[in-house]
Amino acid sequence: MLSENEESIVASSDLNESERQKGGDAESEDHSVFDMKSMLWHGGSAWDAWFSCSSNQVAQVLLTLPYSFSQLGMASGIVLQIFYGLLGSWTAYLISVLYVEYRARKEKENVNFKNHVIQWFEVLDGLLGPYWKAIGLAFNCTFLLFGSVIQLIACASNIYYINDNLDKRTWTYIFGACCATTVFIPSFHNYRIWSFLGLGMTTYTAWYMAIAALVHGQVDGVEHTGPNKLVLYFTGATNILYTFGGHAVTVEIMHAMWKPRKFKYIYLLATLYVFTLTLPSSAAVYWAFGDELLNHSNAFSLLPKTRWRDAAVILMLIHQFITFGFACTPLYFVWEKVIGMHDTKSIFLRAVARLPVVVPIWFLAIIFPFFGPINSAVGALLVSFTVYIIPAIAHMLTYRTPSARQNAAEKPPRFMSSWAAMYVLNAFVVVWVLVVGFGFGGWASMTNFVRQVDTFGLFAKCYQCKPVGPPPTKQH
């Protein structure tokens, strides 16, 4: 039903270019070079998808989770991580089911996707019509835009703890230029080695945070008063909702797979691994520093400066570059389709065409440099709809008729007794996220965000930096 060897336009065009360039070489040499290129560059297996999901799910947000624990308290922090992790895995599963349904219906109509990357808004369009396409496109693109903005802000925030000779705004300029090079990475097929390395970097950073906090021990007079304010509580809860809502690129990752049907439980398996990174690190850092984290949204700012911390900062910077590419690649695809460049085989021409996407991201990162609070605001206003509410409603509407359920490409999973049970769970997701995530979370996160603007101002030169004291006076 689904094509077994489906590859994106870039994979096939790269192969054709490779064959043309090596036309005069020996066949065995061609084969070995292509094998090496495939191993590092062309990914489409279930393992590639798992690495992509795991690597993309937790990046800079790992550094803000101890801050969320200080707002929530230890118990709520742990419970909400598990809750939103499982909730996010469920809606990622729904997105994968809808992708399979859309693709199955289109392939019955003999539609060929070899030269086209399917995206979430196209799935909504094919299953529910143009109004849903517009809604999906608006929320998804805006979320990915600000997701990219957050990665740039995080780069500047992290490098400052190694080199504070430049302020964070200047570092944002520099890393904006560096991240712009992601325009040369054609598609999610080509993130194989980057996803593998990115997950290794995140793993090191998470366990460094946990071990360093435990070795450091508790600071003198440490207090753990959270939760003590509703605004802070729901701000922290929404940051965790954001943490496990990183599946806005699910459809693009699935489309890069050779066998997309195998994706169904990959996000859940990725989430289970991510738990081993987020829970120990955030709990240990909160245990060590307590309420001091309320004024330090980046955990690196409190951990002692050592070569181990510097290594973690550098690895996170590289990983944030990778995650920036993950968030931006779907935006690149949308822009290519708008200007008619999506079918272009030249990587260079596509890269040039993509550059206008990076400019507003760069600009927004300079306007709103509020590392930590911006995560919660994006989570409440965008993530809540993009990856929780819309997929749940779309699934209910797609299978609302008996004929749609009878002819469904994917039946309810084994742990669900019936379609009715799926409807109940989907309705719960919609109500919970709408009330708690968007409602209370939106109120709390925007209140906190406005407070940061009032305190530091837009275009803040160095958000949460230590104040520079007056130069010492000479003794006479």
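Reader: Which residues form one aromatic cluster with Trp47 and Trp50?

Author: This is a predicted model. Trp47 and Trp50 belong to one aromatic cluster.

Reader: Where do Trp47 and Trp50 lie, and which is buried or exposed?

Author: Both lie in helix 3 (residues 46-57), three residues apart, about one turn of the helix. Buried means under 20% relative accessible area, exposed over 50%. Trp47 has 58%, so Trp47 is exposed. Trp50 has 14%, so Trp50 is buried.

Reader: How far apart in sequence are the parts that Phe69 and Tyr286 tie together?

Author: The rings of Phe69 and Tyr286 have centres 6.4 Å apart and planes at 70°, so this pair is edge-to-face. Phe69 sits in helix 4 (residues 61-72) and Tyr286 in helix 12 (residues 266-289). Phe69 is buried at 0% relative accessible area, and Tyr286 is buried at 2%. The parts tied together are apart in sequence by 217 residues.

Reader: Is His395 buried or exposed?

Author: His395 is found in helix 15 (residues 373-398). Beyond four places away in sequence, His395 touches Leu94, Val97, Leu98, Trp419, Met422 and Asn426. Its relative accessible area is 1%, so His395 is buried.

Conventions. Residues numbered from 1 in each chain as written. Predicted model: local features only at pLDDT ≥ 70, side-chain atom pairs only at ≥ 80, totals over all residues. Heavy atoms only, no water. Helix = DSSP H or I, 4+ residues; strand = E, 2+ residues; numbered from the N terminus. Buried < 20%, exposed > 50% of the residue type's maximum accessible area, 1.4 Å probe, protein only. Contact = heavy atoms within 4.5 Å. Phe/Tyr/Trp six-rings, centres within 6.5 Å; stacked < 30°, edge-to-face > 60°.
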